[in-house]
Amino acid sequence: MLQLPNTRYSGLALATLLGALSPTTSASEMFAKDSPWMLGDWGGTRSELLEKGYDFTLGYTGEMGSNLHGGYSHDRAARYSDQFTFGVNMDLQKILGWQDTEFQLTVTERHGDNISNDRINDPRVGGFTSAQEVWGRGETWRLTQMWIKQKYFDGTLDVKFGRFGEGEDFNSFPCDFQNLAFCGSQVGNWVGGIWYNWPVSQWALRVRYNLNDALYAQVGVFEQNPSNLESGNGFKLSGSGTQGAVMPIELVWSPRVNGLKGEYRAGYYYSNAKAQDVLKDSTGAPAAISGAAYRSSSSKHGLWLGAQQQVTALASDQSRGLSLFANATVHDKKTNAIDNYVQAGVVYKGPFDARAKDDIGFALARVHVNPGYRKNARLINQANGLDDYDNPGFLPVQDTEYSAELYYGIHLADWLTVRPNLQYIRHPGGVSRVEDALIGGLKIQSSF
């Protein structure tokens, strides 16, 4: 029996879609297709505020997922999750006369349910990816950004301080796909216990040095505080609970190849907080057998590589054409469940002359579990005398998960894009006993 998604905001999503079809004559009016905002220019007030240095953001992302076939549970369901974003960027040079300085304040609210939790993945171990990337980190309000940024020496040096997430600047990647394996900073997906992506924020400092117009290096220091993940701490500003710091460093090259844009990233992160071994106790024996506590490591580390490159373009419109992308991460085998991840895909923008702003995307990903982590699960089952997968107390052994997604992005208006998609997940959660899953999705991105 098909269960309907949570409908708290489904009416808003429907109203947004219908509004995109409403004819208007002026880009400043509500629901005008060539306006960047659904609510228009507020009678000209919005443009006046922008000219004075105040740029307001009112955004909405909604995602629906349905398990069409396979997965852990064959009980068909449809789930809906969403996020509201309320923000303002202030040009402090215009407002206060502070040279090359800006301030950002953003509050977010997430709500809804995820089809991956109990329909796609075995809930005894959970999964790695999510069919609805906007779900996660609690159904709560959060202070997602509160930072000030200033440039020095004619823009050569760029310093940012305040509250924000690592993925905002490091290992950054667009989020047009709906599956989490193809959306945003991937390091945060595989070491989420220390690297906190949007919408979680922490105290941080980022320093960027522009070596030339196409190349810059940056380094950051981010508070590692697990209490920031708690739903009741969305606006926590104190440092209580801090365990250490995550320090990423990255080199970013943005060349033009045959006149077409590209971006290439290489980075490394190091955490100086203690991390728990995935297998051994302090004597080097498997903790699952000895019964002793898992040993502690003095640090945690990893690296990443990323590439995006447009490879074709129309002579009449450089924004239309084929782009390729790939990302990879590698992590500390002693302390992390995932030891490596790879992903690659293509996006074609403007596939048809009549739909010049539409886009098509396809991507594949592989998430690989650390052999030590797998061994630990087998030893736990051995210690408990369990070998039957169907026993509720059995701990499923996780290995490798493969994901794929195909979407078509319908550009209904400059303020609204709708992306129906199909996702295929082989061995959900890395558990080979879970049937491969086919998921139908729908992603709505709108700016009010």
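**Chatting through a predicted model**

Biologist: Okay, where is Arg 137 found?
Modeller: In this predicted model, Arg 137 sits in the loop between helix H4 (116–120) and strand S4 (141–152).

Biologist: And what's up with phi of Arg 137?
Modeller: Phi there is near 65°, which is a positive value in a residue other than glycine.

Biologist: Why does Arg 137 count as partly exposed?
Modeller: Its relative accessibility is 27%, and partly exposed covers what falls between under 20% (buried) and over 50% (exposed).

Biologist: Is Gly 192 buried or exposed?
Modeller: Buried, because its relative accessible area is 18% and the cut-off for buried is under 20%.

Biologist: What joins Trp 198 and Pro 199?
Modeller: A cis peptide bond, with omega about 10°. Pro 199 is in the loop between H5 and S6, where Gly 192 also lies.

Biologist: New topic! Where is Asp 154?
Modeller: Asp 154 is in the loop between S4 and strand S5 (157–164). Its phi is near 60°, again a positive value in a residue other than glycine.

Biologist: Buried or exposed, that Asp 154?
Modeller: Exposed, with a relative accessible area of 84%.

Biologist: Now Arg 419. Which strand is it found in?
Modeller: S18, which covers residues 416–426. Arg 419 is buried, at 8% relative accessible area.

Biologist: What does the side chain of Arg 419 make a polar contact with?
Modeller: The side chain of Asp 359, at 3.3 Å. Leaving out residues up to four places away in sequence, Arg 419 touches several residues, including Asp 176, Tyr 407, Tyr 408 and Gln 445.

Biologist: Let's zoom out. How many helices and strands are there in the chain?
Modeller: Seven helices and 19 strands. The radius of gyration is 23 Å, close to the 22 Å from the globule rule for 448 residues, so the chain is as compact as a globular protein of that length.

Biologist: How much of the chain do buried residues make up?
Modeller: 49% of the 448 residues.

Biologist: And what share of contacts comes from residues 24 or more positions apart?
Modeller: 65%, counting contacts in the chain with a separation of 6 or more.

Biologist: Last one: how far apart are the mean positions of the positive and negative charges?
Modeller: 4 Å, for 40 positive and 46 negative charges.

Note on methods: Residues numbered from 1 in each chain as written. Predicted model: local features only at pLDDT ≥ 70, side-chain atom pairs only at ≥ 80, totals over all residues. Heavy atoms only, no water. Helix = DSSP H or I, 4+ residues; strand = E, 2+ residues; numbered from the N terminus. Rg over C-alpha atoms; globule rule 2.2 N^0.38 Å. Buried < 20%, exposed > 50% of the residue type's maximum accessible area, 1.4 Å probe, protein only. Contact = heavy atoms within 4.5 Å. Lys, Arg positive; Asp, Glu negative; His and termini not counted. Charge placed at Lys NZ, Arg CZ, Asp CG, Glu CD. Polar contact = N/O pair within 3.5 Å; in protein donor to acceptor, adjacent residues only side chain to side chain.
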